[in-house]
Amino acid sequence: MKQFKENLDLMMKMVAVRSDTGTEREKDIETFLFNYLAELPRLQKENTYGRCPIQGDPYGRAVVWGLIKNEGADTVVLLNHHDAVDIEDYGAFKSYACDPFQLRDHLKILEHNVEVKRDLEDDNWIFGRGTADMKGGAAIQLNLMKRYCEKKDFKGNLLFLSVPDEETLSAGMRRGVGLMAELKKRYGLNYRLLINSEPHERQDGRPLIYDGSVGKIMAVICIRGKKTHIGNIFEGLNPAFVLSTIVTKTEVNTEFSDEDLGERSAPPAWSCVKDFKESYDASVPEYAGGYLSFLTLQKTPEEILEKLKEVCEEAFRDTVDRLRREYKKLYGEGDNIPHFEARIKFYEELLKDAMKEDRQAAEAILESSYSEVLRKLKNGETNVPESNFKMIIELMKIARYNKPVAVIALSPPYYPCISSQRNSDWPRLWVQLQGVLSGPDLFMKHYFMGISDNSYADLQQEADVSCVSANMPLWREGLYTLPFEEMKQLSVPTLIVGPWGKDLHKITERVYLPDLIENTPMMIERIIGELFAVS
């Protein structure tokens, strides 16, 4: 246990460095990590560490890496992310959010549930922003690099990879995949296993290890209705009315939950629902939209989109049917009974229609939109999902979508579902690791449900490529793309082995000290030992 006590001090230093995701603050923690690696004599001597800039990144962020290279090719990748969510939710206690010792005393003043109260009195829990997600795991991996640099009998290779932006668009890991491919070629590496040290939950009191990671698909729906004065409501169609029906039919709809290997993902949830009126008047809005997320275990984006289209068509018809019923209650039968067809389009179809109608205007809209999105994102004036709507609405106008219609698109970030069980190298790997991963004190699960950068370590659904790129308005080099080809070439099995953490992204975020300084580093060492026969 004493050999890993340095992990606590290391984590405390890392937590003290604010690294709010999607800001220039992330560069501060990069500097800390880079300097730590630079002070390891072996890496310094062999010059096997560095910063890999993310090209075109508005904040100038980079991936930090270090490599312990021995004679063989077999390599284990230690992956972590060094960004953390912001500290605004701490309110009056913001100045203590990155100071775990002082934060504990101030948190005790607040009202908490029984579990939090108990943990606040237990010195085994370290509270603070980023302690669990995931500077605790990063500290474990960083110290392991130091230890393995000093080992004389270590025959394998270790690649430390710390990425920014995991909490937003995973720009770090998307660049990290390319870096892994470059290092593989430069040093002749064979990636046997990638270990991510994201925090875990307990099951039946036992630590969880995951050999896969849930996928995430964010769908954007933009609806054009028919504008009318509220005094003549039956002459138009309120897009917010249609959208609310779609929300009702999709929110927590378990038909969209995915199932694989005996596990199920959570049903979809909406993150935003709004109209696009810029000022008040006595009319219904012309446009409304929102975005929702689907968590996948094996379903493809194409399957999700097709099912969503069916639901949208049904919701559209149900909305119009209700409009007609209410009209009849007031006015009876007649020629003025409202009627609107259910028209649902994918973004791919919208773009083709706009290009066919006026290619020059459509291309100009896209070009100006990309520039505006980049500017607004950098200035914090918008977020990525919101940025889709203006592009879609302007293309609707060019395509002459003058009747009510709903357009379904995809928004970054996209995370493919991934399972080591589907990797061709897994059976051989499992033979080596079964003794470590199947003990009575562990619980093995197939999917980490917290979403992770492991999604980019393999390409297990090649159909993703065309469907995602064709239906994502923001798909553009320098804005958002995925390294599909490099993911396919890497094809490395993954595990998530990290410390126990609770209340991620909340003011009561905390990490379990025994895992930080003993259990988790010992488990990772055992895994590495089995792969490389380290005594």
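**View A. Glutamate 182 is partly exposed, with a relative accessible area of 35%, and pairs with arginine 175.** Partly exposed is the class between buried (under 20% relative accessible area) and exposed (over 50%), for a 1.4 Å probe with protein chains only. The areas come from the Shrake-Rupley method with a 1.4 Å probe, and for residues only the protein chains shown count as cover. The model is predicted: local features need pLDDT of at least 70, side-chain atom pairs count only at pLDDT 80 or more, and totals for chains, interfaces and linings use all residues. Residues are numbered from 1 along each chain as its sequence is written, and side-chain values use heavy atoms, with hydrogens and water left out. Arginine 175 and glutamate 182 form a salt bridge in which the closest N and O atoms are 3.0 Å apart. A salt bridge here is a side-chain nitrogen of Lys or Arg within 4 Å of a carboxyl oxygen of Asp or Glu. Arginine 175 is also partly exposed, because its relative accessibility is 21%.

**View B. A salt bridge joins lysine 249 to glutamate 314.** The closest N and O atoms of this pair are 2.7 Å apart. Lysine 249 belongs to helix α8 and glutamate 314 to helix α9, so the pair ties together parts that are 65 residues apart in sequence. Helices (H or I, at least four residues) and strands (E, at least two) are DSSP runs numbered from the N terminus. Lysine 249 has 21% relative accessibility and therefore counts as partly exposed. Glutamate 314, with a relative accessible area of 37%, is partly exposed too.

**View C. Arginine 375 and glutamate 381 meet through their side chains in a salt bridge.** The N to O distance is 3.6 Å. Glutamate 381 is partly exposed because its relative accessibility is 47%; for arginine 375 the value is 43%, again partly exposed.

**View D. A network of salt bridges links Glu115, Arg118, Asp119, Lys502, Asp503 and Arg510.** The structure as a whole holds 39 salt bridges.

**View E. Aspartate 258 is buried and has no salt bridge.** This residue sits in the loop between α8 (239-250) and β11 (259-260). Lysine 299 carries the nearest side chain of opposite charge, 4.8 Å away. For charge, Lys and Arg count as positive and Asp and Glu as negative, while His and the chain ends are not counted. The side chain of aspartate 258 instead reaches two backbone nitrogens: that of leucine 297 at 2.7 Å and that of glutamine 298 at 2.6 Å. Such polar contacts are pairs of N or O atoms within 3.5 Å; within protein, one atom must be able to donate a hydrogen and the other to accept it, and residues adjacent in sequence count only if both atoms are side-chain atoms.

**View F. Glu302, Glu303, Glu306 and Glu310 form a negative surface patch.** Patches are made of residues with over 30% relative accessible area and no salt bridge; like charges are joined within 9 Å, and nonpolar side chains (Val, Leu, Ile, Met, Phe, Trp, Tyr) within 5 Å. The place of a charge is taken as NZ of Lys, CZ of Arg, CG of Asp or CD of Glu. Glutamate 303, one of the patch residues, lies in helix α9 (residues 301-331). Its relative accessibility is 45%, so glutamate 303 counts as partly exposed.

**View G. Two peptide bonds are shown in the cis form, one from aspartate 133 to methionine 134 and one from proline 412 to proline 413.** Omega is near -15 degrees for the bond into methionine 134, a residue of helix α6 (residues 131-150). For the bond into proline 413, omega is near -5 degrees; proline 413 lies in strand β16 (residues 405-415).

**View H. Valine 252 and isoleucine 451 have positive phi values.** Most residues other than glycine have a negative phi, and most peptide bonds are trans. Phi is about 50 degrees at valine 252, in the loop between α8 and β11. A relative accessible area of 51% makes valine 252 exposed. Isoleucine 451 has phi near 70 degrees and is placed in the loop between β18 (443-445) and α13 (464-470).

**View I. Isoleucine 217 is buried, at 1% relative accessibility.** Isoleucine 217 is part of strand β10 (residues 215-224).
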